[in-house]
Amino acid sequence: ERGRYVCWASIRHMVNIREANISDARQCCEVLCSSIRKLCTADHNGDEQLILEWIGNKTEENMQKSILNKDTKFFVAVRENEIQGVGAISFPDEVSLMYVSPKSRYIGISRAILAVLESTLAESGCSNGKLTSTSTAHEFYKASGWTDVKKIHSWPGFDAYVMEKRL
């Protein structure tokens with residue numbers, strides 16, 4: 001079936017990665033917000049104001065608009081009938097978003113989503129992908145073959161890393 005990927009996130013955890021649809025928007029927002037709050041502490045250092053600024057636009061309505069945007073493609077990782085990861089690409093060449101549920105960290109869901117994002121970009125004709133990583137995700141992307149282009153000071157006030165990878 002087009003747009004559907006089944007990946008083994010680890011020996012014990014089968015994950016279905018598929019294109020997102022607007023009915024996924026609420027669960028996608030829940031994954032993004034819980035991931036930011038609980039996993040991105042290296043970036044926000046528990047600063048509640050910074051967290052609120054970061055998650056302020058993570059609404060169901062905004063997510064639906066993003067999913068419907070023809071210049072992006074969103075994917076969800078579903079395990080046990082629940083969305084546990086969200087990734088997106090912005091054409092022509094960018095991994096624009098990737099978050100995993102805190103309860104699903106370190107079981108391979110992020111690697112599975114990233115593989116789908118990279119292959120989708122490559123299939124669209126992109127030979128060199130780009131992304132901007134938080135400090136939290138920086139080592140993950142480096143371990144996945146992405147290289148630093150430059151370090152920047154990003155909104156909402158923390159360091160970020162512009163990265164690239166030959167696809």
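**Helix crossing and pockets in a predicted model**

Modeller: The protein averages a pLDDT of 92, and 91% of the residues score at least 70; pLDDT is the predictor's confidence in each residue, from 0 to 100. This is a predicted model, where local features need pLDDT of at least 70, side-chain atom pairs count only at pLDDT 80 or more, and totals for chains, interfaces and linings use all residues. Residues are numbered from 1 along each chain as its sequence is written, and side-chain values use heavy atoms, with hydrogens and water left out.

Colleague: Why are α1 and α4 called roughly perpendicular?

Modeller: The axes of α1 (residues 25-39) and α4 (residues 60-68) cross at roughly 110° and come within 8 Å. Angles of 65 to 115 degrees count as roughly perpendicular, so α1 and α4 get that label. Axes here are lines fitted to C-alpha atoms, for helices over the stretch in contact, with angles from 0 to 180 degrees between N-to-C directions. Helices are DSSP runs (H or I, at least four residues), and strands are too (E, at least two), numbered from the N terminus.

Colleague: Which residues in α1 meet α4?

Modeller: Ala-25, Arg-26, Cys-28, Cys-29 and Leu-32 meet Glu-60, Met-63, Gln-64 and Ile-67 in α4. Contact means heavy atoms within 4.5 Å.

Colleague: Which element gives the most to the lining of the second largest pocket?

Modeller: That's α4, with four residues. For the largest pocket, the largest share of the lining comes from β5, with seven residues. A pocket is an open set of points on a 1 Å grid over the protein atoms alone, where a 1.4 Å probe fits, with protein on both sides within 12 Å along at least five of seven lines; lining residues have an atom within 4 Å of a point.

How values were computed
Parallel < 35°, antiparallel > 145°, perpendicular 65-115°, else oblique.
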